[in-house]
Amino acid sequence: MPELPEVEAARRAIEENCLGKKITKVLIADDPKVIEGVSRADFEASLLGKTIVSAHRKGKNLWLRLDSPPFPSFQFGMTGAIYIKGVAVTKYKRSAVKDTDEWPSKYSKLFVELDDGLEFSFTDKRRFARVRLLKDPASVPPISELGPDAFLEPMTGDELFESLSKKKIAIKTLLLDQSYISGIGNWVADEVLYQARIHPEQSAASLSKENYGNLHKSIKEVIEKSLEVGADSSQFPSNWIFHSREKKPGKAFVDGRKIDFITVGGRTTAYVPELQKLSGQQAARAGSKQANKRKGHGDGVKDDVNEAASDEEVNGSVQSKKGRKPRGQGNKSSAKRKSKESDDEDNANDSEDDDDDDNDDHHDEDQKNKTRKVTNNKQSKVEKTSKKTVQTSQNSKKKKKAK
């Protein structure tokens, strides 16, 4: 999904190709979910005949300043993207539009033609983006609520140290908080923490001075390097975790080291256990938990229950037990879900979700499937127990009548 590098690449493309040009044609999609708070007619009338003066960005938001207000602003969501006809703008996964597709795309939410014939479009396939028409985009939410931009307003090393030392939450969770620092999303956070050799669950307040220094350096280097190549991920350094972070568990490696996946701050998180280790009290607690798990009691048992139940169903070892659905039904249900998700995606009718939620991530999907299987397993057990209870009660009543 688009994060600071991708949105900045889009801003630069507009700045290089569209400034000083007059808008001669505007087409706004009939999509009130994405086009927020203004009618199509009013939006189009407000842009027609205006000249694009400048392009601005903060965090993952972009807005265009015209020769008079109001101004269009774009919150990119999961798949928002800027396309300029005939101009190479960075493309990223899930952005939907291909060179061979119709123009403007059926996913276009705002289409503009300029007085020199140049055309550009803002598209959004999944409909989590928001396009607004505002008098001063920077002074109202969501932009006014953002923390300092990670690229334009970087903290000094001392400022970062002082700020993080007061935060007792996981460092990755904090980096994803747009009110703390804006522009860093899931992949940037994973890359920054990997390069800094910091465990994503390490409490921000417990980081060492060396950690703070490495983190400050990594934020700067990851963002600058990604911008240097125009946010083209194919040109990211080969030793970045980025290239393998969406591979399946067991098949993801970077520099020959295994990548593991955990959930931090509600997001699938890629990290390298060999290099990113918990420290201090967190390391001691993790060691104790692992010891309990090996002994087969305590927290480890709880952790293993769901995995065992999940594996049991995956391997089909319980398919003949009473009270459980045949595996075929589960597969049909899964197929229906996949079909519905595909239809929703193609018709742009996805349900509302968090702007930054990476729903298409392979590992998130694997986790959801496991959760569904465990839930079905538990429901089957409950149904089985309930049937036994009813049967016992009925038998008891029959015995009393016989007496």
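The following is a dialogue about how features of this predicted model are classed.

Visitor: Why is the Trp103 and Phe111 pair called edge-to-face?

Guide: The ring centres are 6.3 Å apart and the planes stand at 75°. Rings pair if their centres lie within 6.5 Å, and planes over 60 degrees apart count as edge-to-face, so Trp103 and Phe111 form an edge-to-face aromatic pair. A search of the whole structure finds eight aromatic pairs. Ring pairs also link Trp187, Phe236, Trp240 and Phe242 into a cluster.

Visitor: What makes Arg197 a charge over the face of Tyr194?

Guide: The distance part of the test asks for CZ of Arg within 6 Å of the ring centre. Arg197 lies at 4.6 Å from the ring centre of Tyr194, and a charge counted this way is also within 35 degrees of the ring normal. Arg197 follows helix 5 and has a positive phi, near 60°.

Visitor: Why is Arg11 counted as buried?

Guide: Arg11 has a relative accessibility of 12%. The cut-off for buried is under 20%, so Arg11 counts as buried. Arg11 is in helix 1, residues 4-17. Not counting residues up to four places away in sequence, Arg11 touches Ala55, His56, Arg57 and Leu62.

Visitor: What makes the link between Arg11 and Glu8 a polar contact?

Guide: The side chains are joined at 3.0 Å. A polar contact needs N or O atoms within 3.5 Å, one able to donate a hydrogen and the other to accept it, so the distance for Arg11 and Glu8 meets the limit.

Visitor: Why is the pairing of Asp116 with Lys21 called a salt bridge?

Guide: Side chains of opposite charge can pair when their charged atoms come close. The N to O distance between Asp116 and Lys21 is 2.6 Å, and the limit is 4 Å, so the pair is a salt bridge. Asp116 lies in the loop between strand 6 (108-114) and strand 7 (119-123), and Lys21 in the loop between helix 1 and strand 1 (23-28), so the pair ties together parts that are 95 residues apart in sequence. Asp116 is partly exposed, at 45% relative accessibility. The whole structure has 19 salt bridges.

Visitor: What makes Asp31 and Arg127 a salt bridge with buried partners?

Guide: Their side chains meet at 2.8 Å, N to O, against the limit of 4 Å. Asp31 has 7% relative accessibility and Arg127 has 13%. Both values are under 20%, so Asp31 and Arg127 count as buried.

Visitor: How do you know that Glu228 and Lys225 are separated by about one helical turn?

Guide: An α-helix has 3.6 residues a turn, so residues three or four places apart point the same way. Glu228 and Lys225 are three residues apart in helix 6, residues 209-228. The closest N and O atoms of this salt bridge are 3.3 Å apart. At 61% relative accessibility Glu228 counts as exposed, whereas Lys225, at 27%, is partly exposed.

Visitor: Which residues touch the most other members of the largest nonpolar core?

Guide: Ile84, Leu110 and Phe120 do, out of 32 residues in that core. Helix 1 gives the most to this core, with four residues. Apart from it lies another core, of 30 residues, including Met155, Leu164, Ile171 and Ala204.

Visitor: Why does Leu174 count as buried?

Guide: Leu174 has a relative accessibility of 2%, which is under 20%, so Leu174 is buried. Leu174 is in helix 4, residues 171-176. Beyond its neighbours within four places in sequence, Leu174 is in contact with residues including Leu164, Tyr180 and Ala204.

Definitions and conventions: Residues are numbered from 1 along each chain as its sequence is written. This is a predicted model: local features need pLDDT of at least 70, side-chain atom pairs count only at pLDDT 80 or more; totals for chains, interfaces and linings use all residues. Side-chain values use heavy atoms; hydrogens and water are left out. Rings of Phe, Tyr and Trp (its six-membered ring) pair if their centres lie within 6.5 Å; planes under 30 degrees apart count as stacked, over 60 as edge-to-face and the rest as tilted. Helices (H or I, at least four residues) and strands (E, at least two) are DSSP runs, numbered from the N terminus. Buried means under 20% relative accessible area, exposed over 50%, partly exposed in between (1.4 Å probe, protein chains only). Contact means heavy atoms within 4.5 Å. A nonpolar core is a set of buried Ala, Val, Leu, Ile, Met, Phe, Trp, Tyr and Cys residues joined through side-chain atoms within 4.5 Å.
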